[in-house]
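Hi there,

Here is the model I promised to pass on.

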Number of protein chains: 2
Amino acid sequence: MKKFEEKTIQSETIFRGKVVHLQVDEVRLPNGKTSKREIVKHPGAVAVIPVTKDNKIVFVEQYRKPLEKSLIEIPAGKLEPGENPITCAIRELEEETGYTTNELSFVTSFYTAPGFSDELIYIYITDELKKLDVPKDADEDEFVDVIELTLEEAKQYVLEERIHDAKTNYAILYLHALESRG
Amino acid sequence: MKKFEEKTIQSETIFRGKVVHLQVDEVRLPNGKTSKREIVKHPGAVAVIPVTKDNKIVFVEQYRKPLEKSLIEIPAGKLEPGENPITCAIRELEEETGYTTNELSFVTSFYTAPGFSDELIYIYITDELKKLDVPKDADEDEFVDVIELTLEEAKQYVLEERIHDAKTNYAILYLHALESRG
């Protein structure tokens, strides 16, 4: 048995959406009692840290309805069913920034919110960017601006909370650690 | 108008839970078309990076039902309505680890999953830990083991994906960056 495992007694799907599904599981706790767990199912996501030849980071600014404001984030997108994370990374980079690459290094992956969701995000980095001759169309309901910033500028945006999400804060700290190593 | 703002035409609450609420908003996009946004409302959370006098990091291992496995994470918990993040940080530290502190430094905050949720997590650090004489009870449906690790051990757990969540991966990288600075 897995440590502190919570066995499912009953599982109810409340909602099936375009992005998330919501289910509520009744579980048996390690002490024999029961409880409910609210679970947001997500297909997973991929993000890219794109670094240009002149050492700028390519970000996208987009409106985040849950926050009712725009954030500046590294390019990212949802995985399609069965999709390889690298394929997804290149698609999102191309659609959102107009750059492409054939060189991506894996940085890390993490669950964004394991208390209530199974969303896993894969993070890649590249400093081998090429401008696409013909830009790709973004998703029809996606509106983004491309913003290129130095690491110092990006750190300032963290302080101003215009950069304010897990994957992008992680990316800034990762680049900072790389730079400190020299 | 905020950049690329998506005005709400209609908002429907699908589910009100103990931890999350789910709503679906119909929005007017910048190009005048409409779309739906699935939004998971969350009260926000606080996490602490607790460092002992002998330079170990205090983690808790707990079962994460959405992932159907246990993760090793820094101590964290949900904000109560109107609660000060510092109060929440100390409560979660005490309940989950048996340590307390009267010295917490703010590290950063970030939205964990801004594409579909408004969860904001505040991260604090302390190296001023004191063992509680009388341990606090954890929440009645919460079962955790306390694990103290060196930074090197924690990095190994990242590679083994036993540490595998946004706030804890961020914490490890933050401590790594601190150590590199000397």
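E68(B) sits in the loop between β5 and β6 (69-73) of chain B; strands here are DSSP runs of E with at least two residues, helices are runs of H or I with at least four, and both are numbered from the N terminus. Its phi is near 55°, a positive value in a residue other than glycine. Most residues other than glycine have a negative phi. E68(B) is partly exposed, with a relative accessible area of 29% (buried is under 20%, exposed over 50%, partly exposed in between, with a 1.4 Å probe and protein chains only).

This is a predicted model: local features need pLDDT of at least 70, side-chain atom pairs count only at pLDDT 80 or more, and totals for chains, interfaces and linings use all residues. Residues are numbered from 1 along each chain as its sequence is written, chains are lettered from A and ligands numbered from 1 in the order in which they are written, and side-chain values use heavy atoms, leaving out hydrogens and water.

N55(B) also has a positive phi, near 65°. You will find N55(B) in the loop between β4 (45-50) and β5 (57-64) of chain B, and this residue is exposed at 54% relative accessible area.

Now to chain A. There, L151(A), A154(A), K155(A) and V158(A) in α2(A) meet N169(A), I172(A), L175(A), H176(A) and E179(A) in α3(A), where contact means heavy atoms within 4.5 Å. By class, that contact has five nonpolar, two polar and two charged residues (Ala, Val, Leu, Ile, Met, Phe, Trp, Tyr, Cys and Pro count as nonpolar, Asp, Glu, Lys and Arg as charged, the others, Gly among them, as polar).

Best wishes
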